[in-house]
Amino acid sequence: FRQDATYSDFRHPDAVEFARSVEEDLARRDFTVNAMAWGSRPGEEPATVDPHDGVADLRARLLRAVGDPDTRFREDALRMIRAVRLAATLEFEVEAETLAAIRRNAPLAGHVSGERISAELLKLLAAPQPSIGLRLMAETGLLDVILPEVARQHGIGQNKIDGEDLWDHTVRSTDAAPNRPLVRL
């Protein structure tokens, strides 16, 4: 079990220590569906350890931050990008307060390395419908930080379909492209 210290760079813990319990370890996780464990103490029957109601959120297909979402995203800004990617690839809904916290903290995504953003983006583009994640990125402000050139497509006219701007065309085309991330990129 581990416990993280403060995150002064919005990405990595300044120190990692051993935690005293599985519950302390689970409390540092990003989302409730990732904050569950299976096991037992000596002499007990194995059971699910679920202090943050991850099983209920999993059944509801809901992505919710563990504890205060602002704190989770200020600890590690990559978690916001992961939330969008997980929503797209797993076809989950992002819980309202978690989504609002992504909006408030989106500028912190500028602290995430290009390599980590690329890895998440390629996974997002492999989703059955990548537009889910792309639209969430636009809605939350992450797109302005991660792909500002794509974010600027809003409002640019195009002559393919009436009422559709370049952004709409790009998102629709991404969904229609063969499910190969590099083609979709």
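Author: What follows is a short exchange on helix packing in this predicted model.

Reader: Why are α7 and α10 called roughly antiparallel?

Author: α7 and α10 pack at an angle of about 150 degrees. Angles over 145 degrees count as roughly antiparallel. That makes α7 roughly antiparallel to α10. Their axes lie 9 Å apart.

Reader: Which residues meet there, and how do they divide?

Author: Ser131, Leu134, Arg135 and Ala138 in α7 meet Trp167, Asp168, Val171, Thr174 and Asp175 in α10. The contact divides into 4 nonpolar, 2 polar and 3 charged residues.

Reader: What puts the buried residues of α10 on the same side?

Author: The buried residues of α10 are Trp167, Val171 and Thr174. Their arc around the axis is only 60 degrees, which puts them on the same side of α10. In general, an α-helix has 3.6 residues a turn, so residues three or four places apart point the same way.

Reader: What covers these buried residues?

Author: The cover includes α6, α7, α8, α9 and α11.

Reader: How do you know how α4 and α6 run relative to each other?

Author: The axes of α4 and α6 cross at roughly 10 degrees and come within 9 Å. Angles under 35 degrees count as roughly parallel. α4 and α6 are therefore roughly parallel to each other. Their contact divides into 6 nonpolar, 1 polar and 5 charged residues.

Methods. Residues are numbered from 1 along each chain as its sequence is written. This is a predicted model: local features need pLDDT of at least 70, side-chain atom pairs count only at pLDDT 80 or more; totals for chains, interfaces and linings use all residues. Side-chain values use heavy atoms; hydrogens and water are left out. Buried means under 20% relative accessible area, exposed over 50%, partly exposed in between (1.4 Å probe, protein chains only). Helices (H or I, at least four residues) and strands (E, at least two) are DSSP runs, numbered from the N terminus. The arc is that of the directions from the helix axis to the C-beta atoms. Contact means heavy atoms within 4.5 Å. Axes are lines fitted to C-alpha atoms, for helices over the stretch in contact, and angles run from 0 to 180 degrees between N-to-C directions. Angles under 35 degrees count as roughly parallel, over 145 as roughly antiparallel, 65 to 115 as roughly perpendicular and the rest as oblique. Ala, Val, Leu, Ile, Met, Phe, Trp, Tyr, Cys and Pro count as nonpolar, Asp, Glu, Lys and Arg as charged, and the others, Gly among them, as polar.
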